[in-house]
Amino acid sequence: MIDLYSWATPNGHKVHIMLEECGLPYRVHPINIGAGDQFTPEFLRISPNNKIPAIVDSDGPDGQPISLFESGAILLYLASKTGKFLPGTDRQKFEVLQWLMFQMGGVGPMLGQAHHFRIYAPEKIDYAVKRYTNEAKRLYGVMDKQLATHRYIAGDEYSIADIAIFPWLRSWQNQGIDWVDYPHLKTWFDTIAKRPAVQRGVQVLADLRQPLIDDKARENMFGSTQYRTR
Ligand SMILES: N[C@@H](CCC(=O)N[C@@H](CS)C(=O)NCC(=O)O)C(=O)O
């Protein structure tokens with residue numbers, strides 16, 4: 001059985017979708033990151049970087065339990081466990097890995113900063129808003145160009161790279177994006193959004209999520225609580 005520690009955010013959604021796509025049984029443990037659940041000693045033992053998502057699989061590679069944090073590592077683990085959504089041949093596998101890394105190193109961090117400076121920052125810093133909105137547009141452009149000639153982001157097959165990217169693009173409005181500029185990416189987005197497992201995945205914990213607007217949530221996410229030594 002897989003224990004999932006998560007919250008209804010883009011990084012959480014990647015793993016929710018993958019678990020649903022693979023049809024793996026799992027038990028959900030909500031980690032309310034606005035309320036500060038990510039700082040409990042129990043959660044930090046599983047996820048030392050105080051971030052969701054994390055999993056504990058009682059049936060790890062050697063039959064022993066394994067605990068994992070970082071959504072990209074979890075997607076790779078689940079792909080390896082099930083043999084799904086990561087091609088077997090080296091050429092295709094590395095195509096997928098390069099787009100997975102593009103998501104983990106670019107799309108996630110940059111769009112996360114776009115959300116931060118466009119929505120959550122207590123002061124509007126024009127330079128930062130422009131910088132991350134432009135970066136969001138640039139990344140959407142890269143994906144649109146790739147999808148002009150490929151069905152999925154890494155080629156002909158749906159893969160963990162698509163699963164990693166999709167949840168971040170659901171918040172396109174918060175990133176200053178107009179879909180008109182990215183027609184190929186929009187077609188891909190609509191195709192992925194229709195998948196039944198994706199629809200189930202984005203519903204996981206959705207009823208518990210609240211906007212990060214109160215002072216306690218802001219303090220937990222962006223204030224001194226983040227920087228306390230633990
Ligand atoms: N690189 C990490 C990023 C995870 C991440 O940023 N998680 C956010 C929610 S989307 C979180 O848990 N934030 C809580 C915090 O920073 O205290 C991954 O992909 O798993």
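What follows is a short chat about rings, strands and a ligand.

Q: What should I know before I start?

A: This is a predicted model, so local features need pLDDT of at least 70 and side-chain atom pairs count only at pLDDT 80 or more, while totals for chains, interfaces and linings use all residues. Residues are numbered from 1 along each chain as its sequence is written, and side-chain values use heavy atoms, with hydrogens and water left out.

Q: How do I read aromatic pairs, and how many does the structure hold?

A: A pair of aromatic rings is described by the distance of the centres and the angle of the planes. Rings of Phe, Tyr and Trp (its six-membered ring) pair if their centres lie within 6.5 Å; planes under 30 degrees apart are stacked, over 60 edge-to-face, and the rest tilted. The structure holds 11 such pairs. Take W179 and F189: they make a tilted pair, with 5.2 Å from centre to centre and 40° between the planes.

Q: Why does that pair tie parts together?

A: W179 lies in the loop between α6 (160-169) and α7 (183-193), and F189 is in helix α7, so the pair links parts that are 10 residues apart in sequence. Helices (H or I, at least four residues) and strands (E, at least two) are DSSP runs, numbered from the N terminus.

Q: Are W179 and F189 buried or exposed?

A: Buried means under 20% relative accessible area, exposed over 50%, and partly exposed in between (1.4 Å probe, protein chains only). W179 counts as buried at 9%, and F189 does too at 11%.

Q: What does strand β3 pair with?

A: Two strands pair if DSSP finds at least two bridges between them. Strand β1 (residues 2-6) pairs with β3 in the antiparallel sense over four bridges, with D3 opposite V56. Strand β4 (residues 66-69) also runs antiparallel to β3, joined by four bridges, and there I66 is the partner of D57. Both faces of β3 (residues 54-57) are covered: A54 and V56 are buried on one side, I55 and D57 on the other.

Q: Which polar atoms lie by the ligand's oxygen atoms?

A: A polar contact is a pair of N or O atoms within 3.5 Å; within protein, one must be able to donate a hydrogen and the other to accept it, and residues adjacent in sequence count only if both atoms are side-chain atoms. Here, a side-chain N or O atom of K51 is 2.6 Å from a ligand oxygen atom, and a polar backbone atom of I52 is 2.8 Å from one. For N50, a polar side-chain atom lies 3.1 Å from an oxygen atom of the ligand.
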